[in-house]
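Reader: I'd like to learn how to read a sheet and the helices packed on it. Could you walk me through a case?

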Amino acid sequence: MPTDRELALKSLHYRRSVLKWIKHAGAGHTGGSLSCVDILNVLYNRILRVSPVTFSDPKRDRYIQSKGHSVEALFVVLADRGFFPESDLETLGGYKSDYVGHPTRHVAGIEQNTGALGHGLPIAVGTALASKMDDAGFRAFTLLGDGELAEGSNWEGALAGAHYKLDNLTVIIDCNTLQITGRTRDVMNHEPLAGKWAAFGWAVRTVDGHDFAALTAALEKPLEAGKPSLVIARTTKGKGVSFMEDVGKWHHGVPNDDEYARALAELDAGIAKLSGGAT
Amino acid sequence: MYSPAAKAVAEKLGLKMGRANLEEFADTLLGLAKGDRNILAVTSDSRGSGKLGPFGQALPKQIVEVGIAEQNLVGIAAGLGSCGKKVFAVSPACFLTARSLEQIKNDICYSDHPVTVVGISAGVSYGALGTTHHSLHDFAVLRAINNITIVAPADNFEAREAVRICARHDKPVYLRFGKAPLYTLPRSEDVPFVLGKARQLCDGSDVAFLASGETVIHALLAAEHLSADSGLQCRVISVPTIKPLDIEAVLDAARECRAVITTEEHMVNGGLGEAIAGHLVQNGIATRFQIVGIPDEYTVTGSQADIFRHYGLSMEGLVARARDLLR
């Protein structure tokens, strides 16, 4: 099990790679990828029982990224976990590349093609149900954006998850409070979020979505027997790059050369600091 | 559903009245599911209308109820299918192929999961319930989606065979059933049912009827009527698979017959007729050609039989179209 410090170092590298490949492709969902990096980091390095070797095992844990637009973060983490060489991302967004702007099963490690919002939760409900039916013991996780919660299909899935008492199902909301038009609360307010899900019959925990220990504690096992788990991860869009943090235009902004250099300098300074002090 | 004259022709042909394809589907599925616990029915408060009550009673662990939530129905079906289940997602065709179209497109077809999407009480089966309950768009929208086979069985034999094939198929399929009892096509079991293949029921070279689903029987009755009344020899082809289309059978019929009539319980926009027309034009075949379906207008009110009769999908209507076309 990697330490929090090792995960912190990984996240800095992941963020560096996310920016590198978005810059290389000339397109991508920068802000949302940076906000969910730490969540994916904890999932793939601490929680999910899945690896390139076990990916064909019917009893592997399943991760379905409902907020498919943050695919760059997922690609980078999957590459680090050995599902494919990171150099594959040189084709990102290119002609005949499998690495398109949303997850597809043509890429090793991807469970489900997503990109249209409001799809991940019902699919994860079906996945968790299959595990229960076969007594297979695997868990299903799905990551939603907070803006995505305006899609009604999420609430259909929320009903079903509780109805079937799917305690092997965990929904994580990457609650970065921004969507393309502006603040989520101004576009379509979903608060009180925890109260809504609790009323739907879910076990709910709110955590700092950049705190590895808190994320781990919330995800390592179901929050409550007999109920599906909802983890509200309070995050910052554009996390890790000072001038991108909590700024709406970075939703799908691509850094210019100067911005890219400044961003890498910040991340590299963080890497140097963490790598330097060995204790 | 049948006029006295149509019933007389059916009697002359010795056709037996079967049951609704919906019932054939439910019974066949139950039989298959008893032998394979991975076969699941997923319903959206639709087990009654899907005739799946007995299924639910016999195999309660193999039926998943999602409530009145078609998007959830298809999403959950995709999740189950991704884990090795053979899923039949059952809901009225009108809701299933409209409200949850995006889930069919992305979660099942794009992700390529072995789910059979079963549209029940399709076309104008719900007749007098009105346009909310009609599915006259399903062929058109699903034809425009990659990686789904579209099947509309014409009688109980085709329905039974289609369900059996779907239960061992590992790709997305859309199955479309009506709820009215149907005549069984003559010697139906002698003509193999294969996905993607048309089934020629009788031969002739005057008019070719290329018919789909539950309009096939009306085309067959029309052909018999034309033969007895006018000595015309008609070819009747059941086209249960709308996509992929049996292009060879279509082109042969158009080349070998004097006229072609397509029939479908669907709007004339984007359905079987337009699919066939496209292939004829692209193969340089100019022939007398008529698409018979529901026109692009406020659909006439009434029962399924009323609607069929009004738009010429009944035996009498098809006879008149054939005569007009040959005139």
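Predicted model: local features only at pLDDT ≥ 70, side-chain atom pairs only at ≥ 80, totals over all residues.

Reader: Which residue is the bridge partner of Ser91(B) in strand 5 of chain B?

Author: That's Gly119(B). In general, strands of a sheet pair through backbone hydrogen bonds, either parallel or antiparallel. Here, strand 4 (residues 86-92) and strand 5 (residues 115-120) of chain B run parallel, joined by six bridges.

Reader: What is the strand order in the open sheet of chain B?

Author: Read it as 3-2-4-5-7-6-12, seven strands with mixed pairing. Strand 3 (63-65) and strand 12 (241-243) of chain B each have a single partner strand, so one side of each is left without a neighbour in the sheet. On average, neighbouring strands are turned by 20° against each other, direction ignored.

Reader: Which strands of chain B do helix 4 and helix 8 lie across?

Author: Helix 4 (residues 70-82) of chain B lies across strands 2, 3, 4 and 5, at about 170° to strand 4. Helix 8 (residues 156-168) of chain B lies across strands 2, 4, 5, 6 and 7, at about 160° to strand 7.

Reader: At what angle do helix 2 and helix 8 of chain B pack?

Author: About 35°, with their axes 9 Å apart. The crossing is right-handed. Among the contact residues are Phe25(B) and Leu29(B) of helix 2, and Val163(B) and Ala167(B) of helix 8. The contact's residues split into six nonpolar, three polar and three charged.

Definitions and conventions
Residues numbered from 1 in each chain as written. Chains lettered and ligands numbered in written order. Pairing = 2+ DSSP bridges. Helix = DSSP H or I, 4+ residues; strand = E, 2+ residues; numbered from the N terminus. Axes fitted to C-alpha atoms, helices over the stretch in contact; angles between N-to-C directions. Contact = placed C-beta atoms within 7 Å. Left-handed = near helix turned anticlockwise from the far one by under 90°. Nonpolar A, V, L, I, M, F, W, Y, C, P; charged D, E, K, R; others polar.
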